[in-house]
Amino acid sequence: MNRSIPQRQLALAALFLVPGIGIASWVTRTPDIRDLLGASTFEMGLVLFGLSLGSMLGILVSGPLVARFGARPIIAAGAISVALSMPLIGIGAGVSEALIAAAGLFLFGAGMGGGEIALNVEGADIEQVTGRSFLPRLHGFFSLGTVIGALVGIAATATSFPVSIHMVIIGVLALIAVCLAMPRIPSGTGRTPREASGSPRAARAQLWRDPTLLLIGVIILAMALAEGTANDWLPLVMVDGHGFDAASGSAIYAVFAAAMTTGRFVGGWFIDRFGRAAVLCASGVFGAIGLALIIFVDNPVIATAAVLLWGLGASLGFPVAISAAGDSGPDAAARVSLVATLGYVAFLVGPPALGFFGDEFGLRSALIIPFVLVALAAFAALAYGRRTRVHLEVERAA
């Protein structure tokens, strides 16, 4: 293996770790931030709308920018935005200004929405170069970041550590990590020469007509929504829906993050043994059962156990679907970009929208939406598996 590959993998791992720590730092302090802002569930949904706007901007521009300039500059811009967003969120909470907190979330969403798509293009390229599974483990570092961020957030919540100082520290450490990692990311990955690309709109329309890619898109949309919903709402679901205190709600989120991390680091063995379709189907089943127990069973012990199923179910959906997209046909970078865009729309934009539904019917009832979609993803995985088997049989016959 080229000596630069391990350095590139380590740098990508660090760049996935940073937003994981950032989002967990935000999530575990949401009860405190809500209290500092004096916001209702509906008003918190409006604050999270800043995340939605930023996410949509980053998501919509990332694919075309990667095709034109390559993944490296988009990764750098996204990672720096994530690092700078943390102090802005903390300052907004500290001075009880919801608009400033929403601006911080806008910056976070723009950075993560754009940067993560470019990071997935890089990760898929490494899989193509090495011929080995890498994306599940790479996303495992994002989940590991959420565990680290959650543990720090739990300690900060339990000791009433000031939110503003907490977020500033996270932002400074994230910026240092980004500066150390970026020199190890090569330039040019994902760039499409203009003379070879033809009409970008026509090329993207062609991808939208690929049935296999559409099935993968359904899976990643549902599983990303399941993951993003936990990242935005799980502590509040446990506090408001199951009667936990703020510190315990944060601890439950740490359980979810630990389940996600475990699933992603050990998932490669299951993928190699049973195949992508089986793993994706099992992920949908586990996630749906976990969500159903939290929604319909009014028992804090069962809810805690259900979070493990939710986390394990959501853990492999996103990275395995990205890998499947990269192998689904020619122009792997464009396929990864398209599917990753769908995933990040669901991951970053879907959960804030649930806040409006939750304000009307309660957060537990709002989880019915990701529950239905995750159950649908299990059936889509079965259909994807059938199409893959037929395609392989046709190739062998030829």
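Me: Which helix is E116 found in?
Reply: Bear in mind that this is a predicted model. Look along residues 98-130 and you'll come across E116, in helix 5.

Me: Which side chain of opposite charge is nearest to E116, and how far away is it?
Reply: E116 is buried yet has no salt bridge. A salt bridge needs a side-chain nitrogen within 4 Å of a carboxyl oxygen.

Me: Is E227 buried or exposed?
Reply: The cut-off for buried is under 20% relative accessible area. E227 comes in at 4%, so the word for E227 is buried.

Me: How many residues apart in sequence are the parts that R8 and D125 tie together?
Reply: The side chains of R8 and D125 meet in a salt bridge, 2.7 Å from N to O. R8 lies in helix 1 (residues 4-28) while D125 lies in helix 5, so the pair ties together parts whose separation in sequence is 117 residues.

Me: Are helix 4 and helix 7 roughly parallel or antiparallel?
Reply: Helix 4 (residues 71-94) and helix 7 (residues 163-181) pack with their axes 7 Å apart, at an angle of about 170°. Angles over 145 degrees get a particular label. That makes helix 4, relative to helix 7, roughly antiparallel.

How values were computed: Residues numbered from 1 in each chain as written. Predicted model: local features only at pLDDT ≥ 70, side-chain atom pairs only at ≥ 80, totals over all residues. Heavy atoms only, no water. Helix = DSSP H or I, 4+ residues; strand = E, 2+ residues; numbered from the N terminus. Buried < 20%, exposed > 50% of the residue type's maximum accessible area, 1.4 Å probe, protein only. Lys, Arg positive; Asp, Glu negative; His and termini not counted. Axes fitted to C-alpha atoms, helices over the stretch in contact; angles between N-to-C directions. Parallel < 35°, antiparallel > 145°, perpendicular 65-115°, else oblique.
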